[in-house]
Amino acid sequence: MKLTRRGMVAGALTAAASGSAVSLARRYGLVPPDHGGLFGVGETLTYAAQRVLLHRQPLAREFRRDQISTNFPAINTVLPQDIDYLRQMAGGFDEWKLDVGGLVERPSEFSLEELRRFPSRTQITEHVCEQGWSAIAEWTGVPLSLVLTAAGIRPEAKYVMFYSVDGWWDSLDMADAWHPQTLLAYGMNGEDLPVPHGAPVRLRVERQLGYKNLKYLSGFTVIDSVQGWGKGQGAEGAEHGYSWYAGI
Amino acid sequence: MNPRHSALVRVTHWVHTLGFFALLVSGAAILIAHPRLYWGETGAAGSPAWLELPLPLNMDQSGWGRSLHFLGAWVCVLNGAVYAASGLARRHFSGGMQQTYGVLQRLAYRGVVFVLFPSITVTGLAMSPAIGAAAPAIVGALGGHQSARTVHFFAANLLVLFLIGHVTMVVVSGFSDRMRAMIAGEHA
């Protein structure tokens with residue numbers, strides 16, 4: 001192929017367009033923390049496309065009660081080997097607390113009882129595992145948005161970083177943090193959340209894959225940057241090769 | 001004398017080859033994390049499978065597998081859109097192809113471009129929980145999440161079958177001439 005004037009003009013236009021696309025994407029929060037490297041190109045395209053597509057915050061599909069799966073596998077940690085956790089479990093989680101801190105006016109601790117006193121939401125949704133299986137369950141909990149509001153979230157908040165008893169940490173952007181189906185769930189299929197599924201409280205983030213739904217929560221912190229958490233990719237899973245954004 | 005492959009056809013052909021192999025390798029990496037297929041909305045280990053694939057189970061390859069799969073998908077979708085748009089604009093599918101290829105070949109190529117590629121894209125999208133929220137009708141039309149996954153698998157297999165046929169035809173009809181035609185755009 002010869003270098004033609006038309007080709008050069010097209011090339012310059014493409015470069016200028018992609019340059020402004022990058023700065024626009026940054027401005028509108030369309031760049032995920034794990035945007036680096038070759039795979040980062042795909043992660044960024046997927047995240048940006050889905051954030052634009054979901055800007056009206058549609059709900060994940062909900063199902064009928066008779067569609068609830070009788071078989072719902074519990075994977076990864078099914079009983080944290082943590083002495084404090086085991087003691088709390090023996091006491092029916094009466095002494096368990098959720099730490100809430102970071103960019104909030106009122107850093108606080110919530111007991112299970114206090115979380116139950118918030119208005120609750122119950123939803124029957126499909127849990128899609130990155131491995132390929134899926135199962136439907138009913139989840140009951142407090143919408144994360146209510147707890148964020150109660151704690152007085154500050155305007156510079158960009159992510160909510162969750163951490164768990166079994167040492168896992170993962171973050172959501174504000175679109176998913178404010179979404180009405182994003183729950184701190186303490187109930188499953190009409191009963192207390194069972195231990196293999198993350199008792200006493202797990203995260204439900206219904207428009208992302210299963211691994212974003214952290215089990216055994218011990219707290220969350222509101223942040224404006226994921227720097228300082230591991231390698232700055234927004235999630236421990238991202239350091240093991242799993243996309244930070246898992247709406248896929 | 002046959003018409004030459006245009007530069008656009010040649011470039012999109014090889015970009016697609018690259019994207020397709022990325023999708024094939026990473027698709028296999030994702031599949032072996034759970035090599036069981038189901039029909040309907042749900043399915044998991046402990047429930048009967050519609051089809052158990054005789055593949056080794058390996059749950060450690062799906063992380064990079066997914067990242068590569070989506071990179072490959074973006075390459076193929078964007079590249080495919082350029083190819084299809086220019087092909088329609090230049091009447092590649094109705095004009096140029098008519099003179100060069102037989103009926104069966106034209107059917108196979110059109111089936112791949114207008115049936116298999118769209119099917120594999122839609123079933124792939126339907127498996128995303130976020131797309132399911134934005135466009136629930138897609139998942140419903142396919143009969144559920146697991147049905148979409150199963151159709152995705154079979155569409156991938158048909159594409160591999162087409163690839164085998166395609167490469168066989170290239171070899172049978174003169175490998176080096178065909179390669180020159182698709183790389184340098186020389187007359188085949």
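A: Helix α2 of chain A and helix α2 of chain B are roughly perpendicular to each other, a term for angles of 65 to 115 degrees. Their axes come within 8 Å and cross at roughly 70 degrees; axes are lines fitted to C-alpha atoms over the stretch in contact, with angles running from 0 to 180 degrees between N-to-C directions. The helices span residues 37-53 in chain A and residues 62-89 in chain B, helices being DSSP runs of H or I with at least four residues and strands runs of E with at least two, numbered from the N terminus. This is a predicted model, in which local features need pLDDT of at least 70 and side-chain atom pairs count only at pLDDT 80 or more, while totals for chains, interfaces and linings use all residues. Residues are numbered from 1 along each chain as its sequence is written, and chains are lettered from A and ligands numbered from 1 in the order in which they are written.

Among the residues that meet are A:Leu38, A:Phe39 and A:Leu45 in α2(A) and B:Leu68, B:Phe70 and B:Trp74 in α2(B); residues are in contact if their C-beta atoms, placed from the backbone, lie within 7 Å. The residues of this helix contact divide into eight nonpolar, three polar and one charged, where Ala, Val, Leu, Ile, Met, Phe, Trp, Tyr, Cys and Pro count as nonpolar, Asp, Glu, Lys and Arg as charged, and the others, Gly among them, as polar.

The contact between the chains takes 38 residues from chain A and 32 residues from chain B. On the side of chain A, the largest share, nine residues, comes from α2(A).

Key: Angles under 35 degrees count as roughly parallel, over 145 as roughly antiparallel, 65 to 115 as roughly perpendicular and the rest as oblique. Two residues are in contact if their C-beta atoms, placed from the backbone, lie within 7 Å.
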